[in-house]
Amino acid sequence: MGDNHVVTLKIVIDTDAAPAPYEQLRSQISAQARSGVLPVGYKLPTVRGLAEELGLAANTVAKAYRALEGDGVIETRGRNGTFVAAAGDAAERQAATAAQAYAEQVHRLGLSRADALSAVQDALRATYGK
């Protein structure tokens, strides 16, 4: 007999903490999809179902799903539901495009390579923490 692996969406929302609940939800689903915890093709709960499960407003979950869809992490297939997309490639492409645009802009502005890199490191620290 083959092993049956049950995949479960594990989300913890701290409504008293920053960032906002929709961002906590977006980042947790994104991280789980990118790490493979949620495999490509995994069907996510409905907006209403996940909102009820997490004690959030449906609009909060819908906002997170829209952001995830915009990032290429999930895809909605009409009435069939919302699924984890093959997002790794899309995320890497978007990051490479953003990095290229940044490099071109700071070059036009006349920043040195060291100053441009320093600005990126500051922004990454501000976003990711240490």
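Helices (H or I, at least four residues) and strands (E, at least two) are DSSP runs, numbered from the N terminus. The model toured here is predicted: local features need pLDDT of at least 70, side-chain atom pairs count only at pLDDT 80 or more, and totals for chains, interfaces and linings use all residues. Residues are numbered from 1 along each chain as its sequence is written, and side-chain values use heavy atoms, with hydrogens and water left out.

**First stop: the second largest pocket**

Select β1 (43-44) and α3 (58-70), each of which supplies at least two residues of the lining of the second largest pocket. A pocket is an open set of points on a 1 Å grid over the protein atoms alone, where a 1.4 Å probe fits, with protein on both sides within 12 Å along at least five of seven lines; lining residues have an atom within 4 Å of a point. Of the elements, α3 gives the most, with 3 residues. The volume is about 170 Å³, meaning the space filled by probe spheres set on the points, which are joined across faces, edges and corners.

Colour this lining by class: 4 residues are nonpolar, 4 polar and 3 charged. Ala, Val, Leu, Ile, Met, Phe, Trp, Tyr, Cys and Pro count as nonpolar, Asp, Glu, Lys and Arg as charged, and the others, Gly among them, as polar.

**Second stop: the largest pocket**

Next, select α4 (87-109) and α5 (113-128), which each supply at least two lining residues here. The largest contribution is that of α4, with 5 residues. The lining includes Tyr102, His107, Ser112 and Arg113, and its residues divide into 8 nonpolar, 2 polar and 1 charged. About 190 Å³ of space lies in this pocket.
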